[in-house]
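Here's a quick tour for anyone meeting this protein for the first time. Have a look at the structure, then read on.

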Amino acid sequence: MLISVILYAIMKLYLIFNIYQQSHYQFKFYFKHFLYNFLFYNLFPILVLSIGIAEELLIVTIICSIYLLLYSIFYLIARVHLKFTKRIKRLMILSFCYLGIGLIPYVGLYLVLFIEFSIFPVLLIERVISYSLNIPYLKRAKRRIQTYQGNVIAVTGSFGKTPTNGN
């Protein structure tokens, strides 16, 4: 069952990263999605894993493992594919270090099992890292804006701005 829990955690990490990327790396949008979809994405798989961990019967472990495999395949097929950007790679490294702590006895499976809850510190740490990496770019942009001597034109409205980028 430990292997099933680890595979579940890896699959959930993929799903978490995918949702986080689709929400434009905005923590509040990811959290909102997480809260709205808790029952479908999280509650039933957690119950299946809990039963699989609690019961020591081989048939229960096999059934729970098959369920998790089907669950994983469904979400890997049904989702927009994750783009492995630098930010996602940083998140993966931080998460695997974090999951390594989760495999320590007595911290154990609950950190891995409830990864949807326990991943929040990793997302916040990565956000701080990304912000600190963006500081030089923000400073350079502010300098350019302050030294700009031309006219500023504001384009408003919801439609038609994308094709005006010179393509």
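How many salt bridges does the count come to? The count comes to 2 salt bridges, where a salt bridge is a side-chain nitrogen of Lys or Arg within 4 Å of a carboxyl oxygen of Asp or Glu. Before we dig in, keep in mind that this is a predicted model, so local features need pLDDT of at least 70, side-chain atom pairs count only at pLDDT 80 or more, and totals for chains, interfaces and linings use all residues. Residues are numbered from 1 along each chain as its sequence is written, and side-chain values use heavy atoms, leaving out hydrogens and water.

**The salt bridges**

| Pair | Closest N and O atoms |
|---|---|
| R87 and E126 | 3.6 Å |
| R90 and E126 | 3.1 Å |

R87 sits in helix α5 (residues 86-102) and E126 in helix α8, so their pair ties together parts that are 39 residues apart in sequence. R90 is also in helix α5, so its pairing with E126 in helix α8 links parts 36 residues apart in sequence. The helices here are DSSP runs (H or I, at least four residues), numbered from the N terminus.

How covered up are these residues? E126 has 0% relative accessibility and counts as buried, while R90 is partly exposed at 23% relative accessible area. For these words, buried means under 20% relative accessible area, exposed means over 50%, and partly exposed is in between (1.4 Å probe, protein chains only).

**Patches on the surface**

Patches are made of residues with over 30% relative accessible area and no salt bridge; like charges are joined within 9 Å, and nonpolar side chains (Val, Leu, Ile, Met, Phe, Trp, Tyr) within 5 Å. K139, R140, K142, R143 and R144 form a positive one, with Lys and Arg counting as positive. One of its members, K142, lies in helix α8 (residues 120-147) and is exposed, with a relative accessible area of 56%.

There's a nonpolar patch too, about 400 Å², made by L58, I62, I66 and L70. You'll find I66 in helix α4 (residues 58-78), where I66 is partly exposed at 46% relative accessible area.

**How confident is the model?**

The protein chain has a mean pLDDT of 75, and 66% of its residues reach 70 or more; pLDDT is the predictor's confidence in each residue, from 0 to 100.

Note on methods:
Areas by Shrake-Rupley, 256 points an atom, 1.4 Å probe, with all protein chains shown as cover. Charge placed at Lys NZ, Arg CZ, Asp CG, Glu CD. Helix = DSSP H or I, 4+ residues; strand = E, 2+ residues; numbered from the N terminus.
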